[in-house]
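I opened my notebook to get to know a structure that was new to me. Here is what I looked up, entry by entry.

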Amino acid sequence: MKAVLVQAPNQLAVVTDLPRPEPNAYQALVRIEACSICNSTDRKILERHFVSQIPLPLVLGHESVGTIVALGAEVRSYALGQKVLRPGAAFPPDTGIASAWGGMAEYGLVTDLAAWQQDHPDERPHGQWAAQQIVPPEIPSDEATAIITLKETLSASRAAGVGPNTTCAIVGTGPVAQSFALWARYLGAPLVAVYGRRARWADTFMRLGVDAYVAKDRTWPDGAPPLPDGYDRVIEAVGSSEALQQALELVAPGGRVGNYGVAPENDVMPAPVQQGYAEGTILTLPVREQDEHTEVLDLVRAGKIVLSDWMSHVLPIEDVEEGFRLLSERRATKVVLRV
């Protein structure tokens with residue numbers, strides 16, 4: 001089968017001769033149809049700055065969607081033809097191929113969590129299995145990849161305590177920051193402001209309904225009232241100590257910074273950030289995306305979320321390097337690869 005391999009730091013290849021994953025009794029085999037490039041973690045995996053303990057070569061990708069084509073003998077919660085989130089390729093150790101979630105591949109696996117738990121009540125399941133959920137077949141696979149980030153960020157927003165009684169600031173401008181802006185307004189935050197570096201994102205965030213976008217000492221919209229000296233909740237949506245430090249500067253006394261982004265392994269944590277963690281001002285946000293599944297799908301069905309709005313480019317998997325290039329040059333916001 002074909003898959004995207006990280007062969008060395010910053011070196012990608014699309015190979016076509018990998019063995020197809022073999023499902024065990026509790027797994028279903030999935031024909032993967034689309035996988036998004038995660039702007040943050042996939043880039044850091046490619047650079048070997050995240051999960052670098054996973055050996056090379058490895059199959060990249062975790063925002064994947066596909067259709068079930070075969071079932072293990074003990075699978076009871078999936079059916080042939082169902083569309084599922086987060087399938088990933090995995091290989092026996094003797095193949096020499098590792099997997100960093102393995103979604104950029106022609107075939108992948110999902111595990112029937114309910115059946116496995118019923119038969120293994122005293123064992124701990126893999127954390128990924130709960131997120132391998134079914135989506136309606138009428139949602140195009142390209143668009144369905146966006147459901148993953150939307151569910152993650154809704155879960156993280158709730159974990160951060162964003163709601164009607166908390167003003168909210170978001171540090172960052174990428175798809176994750178845009179999702180947090182959407183959910184802050186949805187959850188009823190009375191004031192939502194986004195802090196970025198480039199003026200080009202002002203219109204995007206205005207369309208998402210935020211009260212203010214701040215970049216380069218300018219605030220949009222023109223004539224906006226003065227912003228508060230501090231916010232009850234600040235979400236770090238970049239994945240760097242620099243962004244966390246900015247978030248600390250924005251938080252009000254007694255407020256909390258929610259850390260969602262994953263910093264690279266070589267990132268040096270400055271003293272204020274270390275202190276913020278020690279004092280409990282910075283919280284690493286837990287994510288239970290599976291809990292938000294039905295709610296997000298209901299919003300999609302109602303037309304309140306248009307999934308196509310959450311991707312800028314769709315490319316064949318063979319153009320994966322071009323996808324990363326578009327993202328690094330900031331000519332794309334979200335790239336989906338068709339497998």
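**Entry 1: a serine to start with**

Is Ser99 buried, partly exposed or exposed? I found Ser99 partly exposed, because its relative accessible area is 26% (buried means under 20%, exposed over 50%, and partly exposed in between, with a 1.4 Å probe and protein chains only). Before going on, I noted that this is a predicted model, in which local features need pLDDT of at least 70 and side-chain atom pairs count only at pLDDT 80 or more, while totals for chains, interfaces and linings use all residues. Residues are numbered from 1 along each chain as its sequence is written, and side-chain values use heavy atoms, with hydrogens and water left out.

I then looked for Ser99 among the strands and found it in β7 (helices, H or I with at least four residues, and strands, E with at least two, are DSSP runs numbered from the N terminus). Leaving aside residues up to four places away in sequence, Ser99 touches Ile54, Leu58, Val59 and Ala89 (contact means heavy atoms within 4.5 Å). I also checked Ser99 against Leu154: they are 55 residues apart in sequence and 27 Å apart in space, C-alpha to C-alpha.

**Entry 2: the sheet around that serine**

Which residue is the bridge partner of Val59 in β7? I found that it is Ser99. Strand β4 (residues 58–59) and β7 run parallel, joined by two bridges (two strands pair if DSSP finds at least two bridges between them). Both belong to an open sheet of four strands, ordered β2-β1-β4-β7, with mixed pairing. At its edges I found β2 (11–15) and β7 (98–99), each pairing on one side only.

**Entry 3: the seven-stranded sheet**

Next I traced an open sheet of seven strands, in the order β13-β12-β11-β10-β14-β15-β16, again with mixed pairing. Its edge strands are β13 (218–220) and β16 (282–284), and each pairs on one side only. From one strand to the next, the twist averages 20 degrees (axes are lines fitted to C-alpha atoms, for helices over the stretch in contact, and angles run from 0 to 180 degrees between N-to-C directions).

Within this sheet I looked at β10 (residues 168–171) and β11 (residues 192–195), which pair in the parallel sense over four bridges. Val171 has Tyr195 as its bridge partner in β11. Helix α6 (residues 241–250) packs on the sheet and touches β10, β11, β14 (231–236), β15 (251–259) and β16. I noted that the direction of α6 makes about 155 degrees with that of β15.

**Entry 4: α6 meets α7**

I followed α6 to helix α7 (residues 271–279): their axes come within 9 Å and cross at roughly 65 degrees. α6 and α7 are therefore roughly perpendicular to each other (angles under 35 degrees count as roughly parallel, over 145 as roughly antiparallel, 65 to 115 as roughly perpendicular and the rest as oblique). Their crossing is left-handed (left-handed if the near helix is turned anticlockwise from the far one by less than a right angle, right-handed if clockwise). Ser241, Leu244, Gln245 and Leu248 of α6 make the contact with Pro272, Val273, Gly276 and Tyr277 of α7. I sorted these residues into five nonpolar, three polar and no charged (Ala, Val, Leu, Ile, Met, Phe, Trp, Tyr, Cys and Pro count as nonpolar, Asp, Glu, Lys and Arg as charged, and the others, Gly among them, as polar).

**Entry 5: α3 and its two partners**

At what angle do α3 and α4 pack? For α3 (residues 141–160) and α4 (residues 175–186), I found about 55 degrees, with the axes 9 Å apart. The two helices α3 and α4 are therefore oblique to each other, and α3 passes α4 in a right-handed crossing. Among the residues that meet are Leu150 and Leu154 in α3 and Phe180 and Trp183 in α4. The residues of this contact divide into eight nonpolar, four polar and one charged.

Then I turned to α8 (residues 293–301), which packs with α3 at about 120 degrees, the axes being 10 Å apart. That angle makes α3 oblique to α8, and the crossing is right-handed. Leu154, from my first entry, is one of the α3 residues that meet α8. The residues of the contact of α3 with α8 come out as five nonpolar, one polar and three charged.

Last, I looked up Val336 in β18 (residues 335–338), the bridge partner of Ser36. Val336 is also the bridge partner of Val314. Strand β3 (residues 27–36) runs antiparallel to β18, with three bridges, whereas β17 (residues 313–316) pairs with β18 in the parallel sense over four bridges.
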